[in-house]
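Hi everyone, thanks for coming along.

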Amino acid sequence: MGHWAGEKAAQTGHWLPFFDPADGGVGARVLLPLESPGPVVSRTRFVSVDNPDGTAENMRCLLHLSGLRRSDVVLWNAVPWQMSEGGVVTPRPAQSAGAAPLTREVLALLPRLQAVVLVGKHAQQAWLAVQSPLPAFPCPHPSPQNFNSRGEEAAKALTALVGVYGRLLPPG
């Protein structure tokens, strides 16, 4: 999957972060699209729960508590190209719709995929343009701002991930 990001960047003219090789890759059973790569991704070059920021840390904790293993999941972004090197930039609807073909390509790379967890309202809105028959489940965004200002959001996110974990067929 690593070569794919480089090829797509060359084709689209947008820099795309790489998939984390510590995640499930083509063997993933759950796709976790977030909103768009945060500023730290321009330094690490990966969409990863190992990135040094609060959102990644919260997602890492949620995955651990839910029972989902790194080998079960792969992270992606509804708008996958870097937009926020200088700070957070919220994607516009046209950008989300324009990114839908790339998300469909990612889905085609994941033959064992059983579910999609739409992480945050922007990913949930962007998913409508993807038009996939895969079961998709909403999940609050794990940003520190969201979790700190709305304490119930962390519990909702964990409940969503535990629910998806309970629906997965055994690997193999």
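**Charged pairs, cores and a helix crossing**

Let's start with the charges: Asp20, Asp23, Asp50 and Arg70 are linked in a network of salt bridges. By salt bridge I mean a side-chain nitrogen of Lys or Arg within 4 Å of a carboxyl oxygen of Asp or Glu.

Before I go on, some housekeeping. This is a predicted model, so local features need pLDDT of at least 70 and side-chain atom pairs count only at pLDDT 80 or more, while totals for chains, interfaces and linings use all residues. Residues are numbered from 1 along each chain as its sequence is written, and side-chain values use heavy atoms, with hydrogens and water left out. When I say helix or strand, I mean a DSSP run, numbered from the N terminus: H or I with at least four residues for helices, E with at least two for strands.

How far apart are the N and O atoms where Arg70 and Asp20 meet? The answer is 2.8 Å. Arg70 sits in the loop between helix 3 and strand 4, and Asp20 in the loop between strand 1 (18-19) and strand 2 (30-34), so this pair ties together parts that are 50 residues apart in sequence. Arg70 is partly exposed, at 23% relative accessibility, whereas Asp20 is buried at 9%. My cut-offs there: buried is under 20% relative accessible area, exposed is over 50%, and partly exposed is in between, with a 1.4 Å probe and protein chains only.

In total, the structure holds 7 salt bridges. Another one joins Arg29 and Asp72, at 2.9 Å from N to O. Arg29 belongs to the loop between strand 1 and strand 2, Asp72 to the loop between helix 3 and strand 4, and the two are 43 residues apart. If we skip residues up to four places away in sequence, Asp72 touches Ala28, Arg29, Val30 and Gly67; touching, or contact, means heavy atoms within 4.5 Å.

One more pair for you: Lys8 forms a salt bridge with Glu105, with the closest N and O atoms 2.9 Å apart. Lys8 is in helix 1 and Glu105 in helix 4, so here the parts tied together are 97 residues apart in sequence. Lys8 is buried, with a relative accessible area of 9%, and Glu105 is partly exposed at 31%.

Leaving aside neighbours within four places in sequence, Trp4 is in contact with Phe19, Trp76, Leu102, Glu105, Val106 and Leu109. Now, which residues have the most contacts inside the largest nonpolar core? They are Trp4, Leu31, Trp76 and Val106, in a core of 24 residues. A nonpolar core, for me, is a set of buried Ala, Val, Leu, Ile, Met, Phe, Trp, Tyr and Cys residues joined through side-chain atoms within 4.5 Å. Helix 1 (2-12), strand 4, helix 4, strand 5 (115-119) and helix 5 each supply at least two residues of this core, and helix 4 gives the most, with 5 residues. Apart from it lies another core of 22 residues, among them Val47, Ala115, Val119 and Leu161.

Let's stay with helix 4. How do the axes of helix 4 (residues 93-108) and helix 5 (residues 121-130) cross? They come within 8 Å and cross at roughly 70°. The axes are lines fitted to C-alpha atoms over the stretch in contact, with angles from 0 to 180 degrees between N-to-C directions. That makes helix 4 roughly perpendicular to helix 5, on a scale where under 35 degrees is roughly parallel, over 145 roughly antiparallel, 65 to 115 roughly perpendicular and the rest oblique. Helix 4 makes the contact through Ser96, Ala97, Ala100, Thr103, Arg104 and Leu107, and helix 5 through Ala126, Trp127, Ala129 and Val130.

Last stop, the backbone. Most residues other than glycine have a negative phi. Gln131, though, has a positive phi of about 55°; this residue lies in the loop between helix 5 and strand 6 (136-139) and is exposed at 69%. Arg45 has a positive phi too, of about 75°, and is found in the loop between helix 2 (41-44) and strand 3 (46-47). Thanks, and I'm happy to take questions!
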